[in-house]
Structures are given as structure tokens and as C-alpha cells.
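This report walks through a few local features of one protein structure. Please look at the sequence and the model before reading on.

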Amino acid sequence: MTLEERMESGKLYDGASEELQAKQRIFNELVYDFNATRPSEVEKRLELLRQLFAEVGEGCWIEPPLRANWGSHTHLGNHVYANFNLTLVDDTHVYIGDHVMIGPNVTITAAGHPIEPSLRWDAAQYNFPVRIEENVWIGAGAIILPGVTIGKNSVIGAGSVVTKDIPPNVVAVGVPCRVLREIGPRDKEYYFRDHRIEDGLK
């Protein structure tokens with residue numbers, strides 16, 4: 001089994017491998033170039049994202065600065081928006097669905113290290129994919145950990161640490177993140193506290 005295969009298998013592997021780091025630096029250079037673009041260089045930013053990520057759908061936008069271990073393992077659906085300081089620890093695949101909104105300072109990490117100290121001494125690492133389904137909103141400062149799936153339409157509260165799967169159509173908050181409530185009829189009437197939805201965006 002190659003190192004790349006181990007990275008995608010959930011098995012332990014040497015995260016400090018020179019072979020992997022040499023490949024990773026190619027993508028780190030693209031992240032650097034993306035972050036060095038001017039606000040007016042819209043097309044250049046989009047082209048760099050297409051070079052960096054495994055997939056980029058239509059209408060995607062990521063605000064610099066961006067941090068990514070690889071970038072090449074991240075898949076963006078259509079109309080994904082990420083605010084400033086998105087961090088992708090994408091040593092294996094991260095799937096972000098259509099119309100996902102990501103607040104500032106969010107970390108999505110597919111990588112982890114063993115609890116056993118002797119394994120960490122040897123730079124042992126493991127990875128499990130992260131899946132964020134369509135139309136999810138992730139609040140500012142949230143952290144999403146390896147192997148997590150967040151179900152469609154759900155909202156993750158600001159500052160939450162998501163350690164386990166979150167079902168669809170719920171509001172989930174906290175450390176660790178837990179379901180607070182289902183999205184329901186009141187959400188069709190009020191958009192924030194006691195502020196009514198009147199004419200929407202019209």
C-alpha cells in the first residue's frame with residue numbers, strides 16, 4: 001500500500017514523510033499565490049482555486065486568506081461561500097456540498113494523531129473524510145473534526161466543536177456540538193430572534 005493509499009484508508013502512516021511533504025509543497029505554493037491576489041483579481045483567484053481543489057462547482061467564492069494542508073483533497077459543490085480564514089486540514093477528502101455557507105475562522109480537519117504518546121513521537125497520523133451536505137451554514141469559529149458528516153440544511157452554531165455526525169434539518173451548537181432543535185415552522189416566520197420575514201430579499 002502506498003503512502004497516498006494509507007492517507008485515504010484511515011490507517012496510521014508517517015505524516016512527516018519527505019515524499020509526502022514534497023508533493024504537498026506544490027499545493028502550498030498555490031495557496032500562497034491565492035492569498036497574494038488583489039481583490040480586483042477575481043478571475044485569477046477562481047483559476048487558482050480550480051488548480052488547487054479536487055473539484056470547484058459553479059459560483060464558488062472563498063475569501064482570502066485561506067489555509068490548506070493540501071487543497072487537492074477538497075471538493076466544492078456549486079455556490080459554496082467561505083469567509084476569511086478558512087483552514088482545511090485536508091490530508092484526505094473533504095466534501096462540501098451545494099450552497100454551503102462557511103463563516104470566518106472555521107477549521108475543517110480530516111486529520112488526527114493517536115492518543116498513544118509513542119506513536120505521536122514518530123509523527124503517526126490518520127485521516128477520515130469529512131462530509132458537509134448541501135445548504136449547511138457553519139457559524140464563525142466552528143471546528144469540524146475527522147470523520148464527521150453534517151446533514152443537509154443544518155446550522156452549526158458559532159464556536160462549536162463538531163465531534164460526531166449531525167443529522168439534517170437541525171440547529172446544533174456547543175462544545176461538543178449537540179443538536180439544539182429541529183428547524184421548524186417558526187423559522188419560516190422569523191429570521192433572527194423576533195424579527196419577522198416579511199418580503200425576504202425583495
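This is a predicted model: local features need pLDDT of at least 70, side-chain atom pairs count only at pLDDT 80 or more; totals for chains, interfaces and linings use all residues.

The side chains of Tyr-13 and Asn-127 are joined by a polar contact of 2.9 Å.

Tyr-13 belongs to strand E1, which spans residues 13–14. Is Tyr-13 buried or exposed? Its relative accessibility is 7%, and residues under 20% are classed as buried, so Tyr-13 counts as buried. Apart from its neighbours within four places in sequence, Tyr-13 is in contact with Leu-3, Arg-6, Met-7, Leu-20, Asp-91, Ala-123, Ala-124, Gln-125, Tyr-126 and Asn-127. Phe-84 lies 71 residues from Tyr-13 along the chain, and the C-alpha atoms of the two are separated by 31 Å.

One of the residues that Tyr-13 contacts, Gln-125, is placed in strand E12 (residues 124–127). Gln-125 has a relative accessibility of 8% and therefore counts as buried. Its side chain makes a polar contact with the side chain of Tyr-13 and another with that of Asp-91. When residues up to four places away in sequence are not counted, Gln-125 touches Lys-11, Leu-12, Tyr-13, Gly-15, Asp-91, Ala-111, Gly-112, His-113 and Pro-114.

| Side chain | Partner side chain | Polar contact |
|---|---|---|
| Tyr-13 | Asn-127 | 2.9 Å |
| Gln-125 | Tyr-13 | 2.7 Å |
| Gln-125 | Asp-91 | 3.3 Å |

Another part of the model is helix H3, which runs over residues 42–52. Which residues of H3 are buried? They are Arg-45, Leu-46, Leu-48, Leu-49 and Leu-52. These residues lie on the same side of H3, because they cover an arc of only 160 degrees around the axis. Among the elements covering the buried residues of H3 are helix H2 (18–35), strand E2 (55–56), strand E3 (61–62) and strand E4 (66–68).

Strand pairing is the last topic. Strand E17 (residues 155–156) pairs with strand E19 (residues 170–173) in the parallel sense, over two bridges. Within this pairing, Val-171 in E19 is the bridge partner of Val-155. E19 also pairs with strand E20 (residues 178–182), in the antiparallel sense and over four bridges. Here Ala-172 has Val-179 in E20 as its bridge partner. Together, E19 and E20 form a hairpin, with four residues between the strands. In the turn, Gly-174 has a positive phi of about 110 degrees.

Conventions: Residues are numbered from 1 along each chain as its sequence is written. Side-chain values use heavy atoms; hydrogens and water are left out. Buried means under 20% relative accessible area, exposed over 50%, partly exposed in between (1.4 Å probe, protein chains only). Contact means heavy atoms within 4.5 Å. A polar contact is a pair of N or O atoms within 3.5 Å; within protein, one must be able to donate a hydrogen and the other to accept it, and residues adjacent in sequence count only if both atoms are side-chain atoms. The arc is that of the directions from the helix axis to the C-beta atoms. Two strands pair if DSSP finds at least two bridges between them.
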